[in-house]
Amino acid sequence: NVLIMKKIFIYISVFIAVVAVCSTTATAQEGVRMRLGYNTGMPVGSFRDFMGKNSFRGYNGEISFPLNEQLRIGLGVQSNDYYEKFPRAVYDTKDGMVSAVVTNSILTTPILVKANYDLNKKSVVRPYVGLGAGFNLITYRHYLGEFAENKSAFKPAVSAEAGVNIPFNKNTRAAGINAGAHFNYMPFNYKGINNLNSWGLHLGLYFPLG
């Protein structure tokens with residue numbers, strides 16, 4: 001709703017202002033960086049009981065600012081579209097027995113404030129660990145034949161990741177390949193689903209802005 005969107009706008013605006021002030025101490029070589037990539041999503045826990053299919057339709061993006069040689073903070077977004085279709089079967093509903101095809105669809109889009117820490121500041125290939133916290137935009141759809149049930153939700157989310165940054169140029173290290181794994185903790189309580197937790201792999205590129 002409008003109130004939620006206003007809160008998101010305020011939080012993001014305050015975060016960008018704080019990061020912009022902090023990043024003025026960083027060197028030009030480190031700079032502001034963008035990361036874009038592809039990611040998978042594998043449901044776990046009660047989410048796996050509801051959604052038996054993994055998501056191979058995902059993307060991620062992140063803008064980060066350096067605080068020092070090893071620590072970067074930024075704002076990231078990740079999205080995964082989960083979809084599973086079941087063969088036609090007979091279901092018992094409040095209106096009687098119905099022969100139908102059931103389809104489940106869930107879209108998760110966590111928007112997170114993130115911090116990434118390089119484990120080694122001297123090596124060319126930089127292994128890192130990262131944490132993120134923010135909010136998850138959820139779209140739930142359940143189809144029983146032509147009858148659809150839709151629900152949208154706005155819930156907290158926490159993410160952890162580990163990976164490596166492999167630069168194209170070992171001297172500047174300004175751009176390169178990013179690869180790693182991540183885990184998302186995403187509460188959601190609806191229709192027997194207690195959470196939308198997942199893990200996955202990601203692969204993409206990072207490059208300087210400006």
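Guide: Let us begin with the surface. The protein chain exposes about 11600 Å², and carbon and sulfur atoms supply 64% of that area. Accessible areas come from the Shrake-Rupley method with a 1.4 Å probe, and for residues only the protein chains shown count as cover. This is a predicted model, in which local features need pLDDT of at least 70 and side-chain atom pairs count only at pLDDT 80 or more, while totals for chains, interfaces and linings use all residues. Residues are numbered from 1 along each chain as its sequence is written, and side-chain values use heavy atoms, with hydrogens and water left out.

Visitor: How many helices and strands does the protein chain have?

Guide: Helices (H or I, at least four residues) and strands (E, at least two) are DSSP runs, numbered from the N terminus. The protein chain has two helices and 13 strands.

Visitor: What percentage of the 210 residues count as buried?

Guide: Buried means under 20% relative accessible area, exposed means over 50%, and partly exposed lies in between (1.4 Å probe, protein chains only). Of the 210 residues of the protein chain, 38% count as buried. Ser105 in strand E7 (residues 102-118) is one example: its relative accessible area is 9%, so Ser105 is buried.

Visitor: Which residues does Ser105 touch?

Guide: A contact means heavy atoms within 4.5 Å. Leaving aside residues up to four places away in sequence, Ser105 touches Met51, Asp81, Tyr82, Tyr83, Thr139, Tyr140 and Arg141. For the protein chain, consider contacts between residues at least 6 apart in sequence: 63% of them join residues at least 24 apart.

Visitor: Which residues touch the most other members of the largest nonpolar core?

Guide: A nonpolar core is a set of buried Ala, Val, Leu, Ile, Met, Phe, Trp, Tyr and Cys residues joined through side-chain atoms within 4.5 Å. The largest one has 14 residues, of which Ile106, Phe188, Ile193 and Leu196 touch the most other members. Two or more residues of this core come from each of helix H2 (46-50), E7, strand E8 (126-144) and strand E9 (147-167). Among the contacts of Ile106, not counting residues up to four places away in sequence, are Phe47, Phe50, Ile138, Ile193 and Leu196.

Visitor: In what sense do E7 and E8 pair?

Guide: Two strands pair if DSSP finds at least two bridges between them. E7 and E8 pair in the antiparallel sense over 17 bridges, and Val102 stands opposite Leu144 in E8. E8 and E9 are also antiparallel, over 19 bridges, with Arg141 opposite Asn150 in E9.

Visitor: How many residues lie between E8 and E9 in their hairpin?

Guide: The hairpin has two residues between its strands, and Gly145 in the turn has a positive phi of about 65°.

Visitor: How many salt bridges does the structure hold?

Guide: Side chains of opposite charge can pair when their charged atoms come close. A salt bridge is a side-chain nitrogen of Lys or Arg within 4 Å of a carboxyl oxygen of Asp or Glu. The structure holds eight salt bridges. In one of them, Glu62 meets Arg35, the closest N and O atoms being 3.3 Å apart. Glu62 lies in strand E3 (residues 58-66) and Arg35 in strand E1 (residues 33-39), so the pair ties together parts that are 27 residues apart in sequence. Both Glu62 and Arg35 are buried.

Visitor: Which residues make the nonpolar surface patch?

Guide: Patches are made of residues with over 30% relative accessible area and no salt bridge; like charges are joined within 9 Å, and nonpolar side chains (Val, Leu, Ile, Met, Phe, Trp, Tyr) within 5 Å. Here Val124, Val125, Ile166, Phe168, Ile177, Leu203 and Leu205 make a nonpolar patch of about 590 Å². Val125 is placed in the loop between E7 and E8 and is partly exposed, with a relative accessible area of 38%.
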